[in-house]
Amino acid sequence: MSAFTMGSYGGYVWSCFAMAAVVLIICDWRARVRQRQVYRDIEVRIKALGPDNAPGEGQ
Amino acid sequence: MWNFIHRLASPPHFYRIAPRIVPWLAVPGLLLIGYGCYAGLFVAPPDYQQGDAFRIIYVHVPAAYLSMMTYMIMAVSAAIGLIWRIKLSHAVAAAAAPLGAWFTFLALATGSIWGRPMWGTWWEWGDPRLTSELIMLFVYFGYMALRAAIDDTVKADKASAVLALVGAVNVPIIHYSVYWWTSLHQGETVMKGKMDTDMLVPLLINILGFTLVFGALLLRRVRAEVLFRERRTRWVRDMVLSAAGRGT
């Protein structure tokens, strides 16, 4: 029990660790969302233009 | 070595290789963070002055360290992009900024929560370490706002790179603020051997774990940024068409 109350500092300590976990989860989630969003936009663009008409520059 | 770096800087090559590196950083990183947090919370003895409140350092210190390291990555990448015009460098700088802002926020928030029971206040405006760290958060916001405000990617890269370089002056100010001015914030303890080993080891493990996870997050974000920047190129079109062909 004392491990959770942390000598009356439990609220401060646990909220910091919870916040760190939330920040890591948000960073990971944002990266996934961005990747999916960009990829989907490219798919839509290629579909709209047709695979043979979608311009491809360089490389 | 140069050949490897040169190949890695190629957007298509980076895009293909990044997902293979991510698990090698994320898995050990998360395991280290798991063990570091467990040891920091349950194994390390309480501090003789701060009691159990000192355990906040196990997330506060890695976050503060990463907030500065991310800024340096952003500034160095921006400089490389400006000088040598390497496309991937600007993508790294752009992708690093949101991560840096999140870790700066985490450092400020956890520091503030620690300050309440230890200093008797959530925030002290006169403290140079706190204020300079807050300025860095605003520089991150400014950097992202500037990028978002300019539609042309090349112009956005140049303008934001200049801002990133100017803002880099704040990093040594944050680091040395506790020596240059009177500060409530404690001085350097980790590198000066002032911590007991039982307390220090979980902290070092967490710093390493957070750094590895940060590396994985950065690679993912850079990958998305590369895809966005290269969305009109042939290799992206071929890749998407090939993936769609495999899916049908």
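How many residues of chain B are in contact with how many residues of chain A? In this predicted model, 39 residues of chain B are in contact with 32 residues of chain A. To make sense of that meeting, start with the two chains one by one.

Chain A has 59 residues, and 17% of them count as buried. Its elements are two helices, with zero strands. Chain B has 248 residues, of which 41% count as buried. It has nine helices and, again, zero strands. Read from the N terminus, the elements of chain B run α-α-α-α-α-α-α-α-α. The C-alpha atoms of chain B fill a box of roughly 65 × 35 × 35 Å, taken along the principal axes. How do the contacts in chain B reach along the sequence? Take the contacts between residues at least 6 apart in sequence: 78% of them join residues at least 24 apart.

Now go back to the place where the chains touch. Again, 39 residues of chain B are in contact with 32 residues of chain A. On the side of chain B that touches chain A, the elements giving two or more residues are H2, H3, H4, H8 and H9 of chain B. Which of them gives the most? It is H4(B), with 10 residues. By class, this side of chain B has 25 nonpolar, four polar and 10 charged residues.

One helix pair spans the two chains. H2(A) and H8(B) pack with their axes 9 Å apart, at an angle of about 20°. Angles under 35 degrees count as roughly parallel, so H2(A) is roughly parallel to H8(B). The crossing of H2(A) and H8(B) is left-handed. You can find the meeting residues in the structure. From H2(A) come A:Leu24, A:Cys27, A:Asp28, A:Ala31, A:Arg34, A:Gln35, A:Val38 and A:Tyr39. They meet B:Val213, B:Leu217, B:Arg220, B:Arg221, B:Arg223, B:Ala224, B:Leu227 and B:Phe228 in H8(B). The residues of this contact of H2(A) with H8(B) divide into 10 nonpolar, one polar and five charged.

H8(B) also packs against a helix of its own chain. H4(B) and H8(B) pack at an angle of about 125°, and their axes are 8 Å apart. That angle makes H4(B) oblique to H8(B). The crossing of H4(B) and H8(B) is right-handed. On the H4(B) side, the contact is made by B:Lys87, B:Leu88, B:Ala91, B:Val92, B:Ala94, B:Ala95, B:Ala96 and B:Leu99. On the H8(B) side, it is made by B:Phe214, B:Leu217, B:Leu218, B:Arg221, B:Val222, B:Glu225, B:Val226 and B:Arg229. By class, the contact of H4(B) with H8(B) has 12 nonpolar, no polar and four charged residues.

Next comes the inside. The largest nonpolar core has 74 residues. Which of them touch the most other members? They are B:Ile56, B:Met74 and B:Ala96. Chain A gives two or more residues from helix H2 (10-49). Look at B:Ala96. Leaving aside its neighbours within four places in sequence, B:Ala96 is in contact with B:Thr70, B:Ile73, B:Met74, B:Ser77 and B:Leu218.

Stay in chain B for B:His90, which lies in helix H4 (residues 87-119). Is B:His90 buried or exposed? It has 25 other C-beta atoms within 10 Å. The cut-off for buried is 20 or more, so B:His90 is buried. Neighbours within four places in sequence aside, B:His90 is in contact with B:Gly81 and B:Asp157. B:Ser242 is 152 residues away from B:His90 along the chain, and their C-alpha atoms are separated by 28 Å.

Finish with two loop residues. A:Met6 is found in the loop between helix H1 (2-5) and H2 of chain A. Its phi is near 50°, a positive value in a residue other than glycine. A:Met6 is partly exposed, with 19 other C-beta atoms within 10 Å. B:Arg85 sits in the loop between H3 and H4 of chain B. B:Arg85 is not a glycine either, yet it has a positive phi of about 55°. Why does B:Arg85 count as exposed? Because B:Arg85 has 11 C-beta neighbours inside 10 Å, and 12 or fewer means exposed.

Technical notes
Residues are numbered from 1 along each chain as its sequence is written. Chains are lettered from A and ligands numbered from 1 in the order in which they are written. This is a predicted model: local features need pLDDT of at least 70, side-chain atom pairs count only at pLDDT 80 or more; totals for chains, interfaces and linings use all residues. Helices (H or I, at least four residues) and strands (E, at least two) are DSSP runs, numbered from the N terminus. Two residues are in contact if their C-beta atoms, placed from the backbone, lie within 7 Å. A nonpolar core is a set of buried Ala, Val, Leu, Ile, Met, Phe, Trp, Tyr and Cys residues joined through C-beta atoms within 7 Å. Ala, Val, Leu, Ile, Met, Phe, Trp, Tyr, Cys and Pro count as nonpolar, Asp, Glu, Lys and Arg as charged, and the others, Gly among them, as polar. Axes are lines fitted to C-alpha atoms, for helices over the stretch in contact, and angles run from 0 to 180 degrees between N-to-C directions. Angles under 35 degrees count as roughly parallel, over 145 as roughly antiparallel, 65 to 115 as roughly perpendicular and the rest as oblique. A crossing is left-handed if the near helix is turned anticlockwise from the far one by less than a right angle, and right-handed if clockwise.
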